[in-house]
Amino acid sequence: MKLDIVNQDMPDMKATINTFGAYVETFTKANEPIFFPKVLTKIGKDLKQRGGMHPCLPNFSNDEIFGLPQHGFGRDVGWDVLSSGKDYVDLKYCGEDIYKDVYFYINYRLEENKFITSLKVYNRSDKEVYLGPGFHPYFYCKDLDVSIDNFTLDKDKLDDTIFLKSDKVKFRANGKDYFISGDNVGLYAIWTDLKGDYVCIEPTYKGKVFAEDKKDIYKLCKDKEFSQEFVIEIL
């Protein structure tokens with residue numbers, strides 16, 4: 001199911017959310033793309049999803065512990081709609097397998113000149129579970145016209161991913177200025193595969209933490225909750 005939300009402060013700012021994958025398929029202002037719209041792109045012999053924004057849950061990047069999919073399962077499952085309004089939607093997913101009795105909640109909302117994303121995870125199981133979440137927005141960016149304040153961006157390395165350790169980032173893409181800030185966001189992954197007019201500025205907990213050493217992984221104890229929020233502000 002797809003739901004459209006519209007900013008009540010700036011009615012020309014709109015987004016479409018697909019409940020399958022809690023996937024933001026489009027995000028526009030004045031009919032111009034802020035996110036590169038979600039598409040299927042043939043890469044090699046495979047069809048890959050590109051564009052929009054999706055959650056990376058419970059793990060950002062690859063998993064060396066449990067063998068979960070790249071960026072986790074959050075973008076590949078159906079989410080329930082708890083509530084929705086003109087400018088927001090609340091989604092819920094009940095985990096399975098090793099995340100049974102773990103509940104994931106995402107709120108997307110538009111306010112003023114902002115797109116706000118909030119994540120909450122409740123552990124109702126009888127054991128601790130591991131987390132290292134993030135989100136994966138594809139900002140529209142033609143011809144790699146992008147720069148980041150106070151950061152030397154080596155565009156030749158973008159297809160290998162560049163990491164920026166911070167809780168906030170200000171950047172310019174195709175003549176538009178953006179500012180992203182977050183809680184429980186410590187590392188931004190900056191990437192493109194050069195297969196479309198997009199660059200990804202991805203807010204994550206601490207990047208790839210589902211590593212064998214488990215050094216930076218978040219351990220969510222039973223009956224506890226984890227929260228993460230970030231704001232995309234159009235300047």
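Begin the tour at D167, which is partly exposed at 36% relative accessibility; here buried means under 20% relative accessible area, exposed over 50%, and partly exposed in between (1.4 Å probe, protein chains only). The model on display is predicted, so local features need pLDDT of at least 70 and side-chain atom pairs count only at pLDDT 80 or more, while totals for chains, interfaces and linings use all residues. Residues are numbered from 1 along each chain as its sequence is written, and side-chain values use heavy atoms, with hydrogens and water left out.

**Salt bridges**

The term denotes a side-chain nitrogen of Lys or Arg within 4 Å of a carboxyl oxygen of Asp or Glu. K168 is partly exposed, with a relative accessible area of 43%. The structure holds 14 salt bridges.

Next, select E32 and K176, whose side chains meet in a salt bridge of 3.1 Å, N to O. This pair links distant parts of the chain, with E32 in strand β4 (residues 32–33) and K176 in strand β17 (residues 176–183), 144 residues apart. Strands (E, at least two residues) and helices (H or I, at least four) are DSSP runs numbered from the N terminus. E32 is partly exposed at 42% relative accessible area, and K176 is partly exposed at 27%.

Move on to D197 and K142, a salt bridge with its closest N and O atoms 3.8 Å apart. D197 lies in the loop between β18 and β19 (198–204) and K142 in the loop between β13 and β14 (146–148), so the pair ties together parts 55 residues apart in sequence.

Then select K2, E25 and K38, which are linked in a network of salt bridges.

**Aromatic pairs**

The structure holds 24 aromatic pairs. Rings of Phe, Tyr and Trp (its six-membered ring) pair if their centres lie within 6.5 Å; planes under 30 degrees apart count as stacked, over 60 as edge-to-face and the rest as tilted. Select W79 and Y93, a tilted pair at 5.8 Å centre to centre and 45° between the planes. W79 is buried at 5% relative accessibility, and Y93 is buried at 9%.

For the last stop, select F27, F35, Y108, F115, F139, F171 and Y178, which form one aromatic cluster.
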